[in-house]
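Here is a short report on one protein model. Please keep the structure in view while reading.

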Amino acid sequence: MSFKLCRIVNRDIKCFSVSYKRYFLGISKNQENEETTESTNFVDDEIETPKVNRNKSGLRTADWNRLHNRCPYSAAESWVHLSEKYQRKMFGRYGFESNVNPRICYPTKLDIEAKMRYDRIAEPHTLIDMMNAAKEERKRQREVVLKRDEEIHNKMKKLDQWKQDLQTKIDKKEAEVLATKQRKERLVEEVRRHFGFKIDPRDDRFKAVLEQKEKEEKKKMKEDKRQAKEQKLMSKLIATTSQK
């Protein structure tokens, strides 16, 4: 507003000066234009306002300083600003501009003693002891791995024999199943021949005769096993006697 008012006043003064010169002094129009240009330049130079660094953002001083990468506070305004952690942070970020004594960034004698006491409790072993313990642990783990590899290698050698044994067991089991099936069929056929005519296997008479036949078959098998066992024992005794 003041700037516009100054321009209006200067314009009125310029018009009055031109009229005065034309009427009383008889100055020509060209001379008048030259003087007017000089006068205008003089007025413009005279009303030029200097640039002022103003805080128009409405921010607080601390926030303004942070925005322009300056130390927020020139003096402590809270107990936090007097803490060791805060002062170390300010010096690390703003350097000597923070007005912090750099000595605060180094540990004191009490801090060093407290750290040494903590280390003695938290880490009672020396560096050499920990290195030796780590070396022994690596050696133990290596021995475990080697032992495991040796066991796997030995078992791989027996793999073919285990396959043969497994196949033998499977064949034996299949043979037993087949023998049981054939024995069952043979007993059923004997029962049918016993009656002399075709009879339903679900008939009670058929079941009774079949059960009796199975008992006789089991008794016979048991007797055969006993005789085989006695024969084997007798052969063993004869072999032992002959060796003596």
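## Glu 230 and Arg 226

Glu 230 is partly exposed, at a relative accessible area of 44%. That class lies between buried, under 20% relative accessible area, and exposed, over 50%, using a 1.4 Å probe and protein chains only. Arg 226 is also partly exposed, at 40% relative accessibility. The two side chains meet in a salt bridge, with N to O at 2.6 Å. The term salt bridge requires a side-chain nitrogen of Lys or Arg within 4 Å of a carboxyl oxygen of Asp or Glu.

Both Glu 230 and Arg 226 sit in helix H8, residues 204-243. They are 4 residues apart, about one turn of the helix. Helices here are DSSP runs (H or I, at least four residues), as strands are (E, at least two), numbered from the N terminus.

## Basis of the model

The model is predicted: local features need pLDDT of at least 70, side-chain atom pairs count only at pLDDT 80 or more, and totals for chains, interfaces and linings use all residues. Residues are numbered from 1 along each chain as its sequence is written, and side-chain values use heavy atoms, with hydrogens and water left out.

## Overall fold

The protein chain has 8 helices and 0 strands. Along the sequence the pattern reads α-α-α-α-α-α-α-α. The chain holds 244 residues, and 12% of them count as buried.

Contacts (heavy atoms within 4.5 Å) can also be sorted by sequence separation. Among those with a separation of 6 or more, 25% come from residues 24 or more positions apart. The accessible surface of the chain is about 22,300 Å². Carbon and sulfur atoms account for 56% of that surface. Accessible areas come from the Shrake-Rupley method with a 1.4 Å probe; for residues, only the protein chains shown count as cover.

## Other salt bridges

The count of salt bridges is 8. One of them joins Arg 88 and Glu 84, at 3.4 Å from N to O. These two are separated by about one helical turn, because they lie 4 residues apart in helix H4. Arg 88 is partly exposed at 30%, and Glu 84 is partly exposed at 37%.

Arg 148 pairs with Glu 151 in another salt bridge, with the closest N and O atoms 3.8 Å apart. Both residues lie in helix H6, 3 residues apart, about one turn of the helix. Arg 148 has 47% relative accessibility and is partly exposed. Glu 151, at 34%, is partly exposed too. Elsewhere, Arg 60, Asp 63 and Arg 66 are linked in a network of salt bridges.

## Helix H4: Gln 87 and Tyr 94

Gln 87 lies in helix H4, which covers residues 84-94. Is Gln 87 buried or exposed? Gln 87 is buried, with a relative accessible area of 19%. Leaving out residues up to four places away in sequence, Gln 87 touches His 81, Leu 82, Val 100 and Ile 104.

Tyr 94 is also found in helix H4. Its relative accessibility is 11%, so Tyr 94 counts as buried. Which residues does Tyr 94 touch, not counting residues up to four places away in sequence? They are Arg 66, Asn 69, Arg 70, Cys 71 and Pro 72. Tyr 94 and Asn 69 are 25 residues apart in sequence, yet 8.0 Å apart in space, C-alpha to C-alpha. The side chain of Tyr 94 also reaches the backbone oxygen of Arg 70 at 3.5 Å.

## An aromatic pair

The chain has 1 aromatic pair. Phe 91 and Phe 96 form this pair, edge-to-face, at 5.4 Å centre to centre and 85° between the planes. Rings of Phe, Tyr and Trp (its six-membered ring) pair if their centres lie within 6.5 Å; planes under 30 degrees apart count as stacked, over 60 as edge-to-face and the rest as tilted. Phe 91 is buried, at 17% relative accessible area. Phe 96 is exposed, at 65%.

## A nonpolar patch

Leu 127, Ile 128, Met 130 and Met 131 make a nonpolar surface patch of about 410 Å². Patch residues have over 30% relative accessible area and no salt bridge: like charges are joined within 9 Å, nonpolar side chains (Val, Leu, Ile, Met, Phe, Trp, Tyr) within 5 Å. Met 131 lies in helix H6, residues 127-157. Met 131 is partly exposed, at 49% relative accessibility.

Note on methods: Polar contact = N/O pair within 3.5 Å; in protein donor to acceptor, adjacent residues only side chain to side chain.
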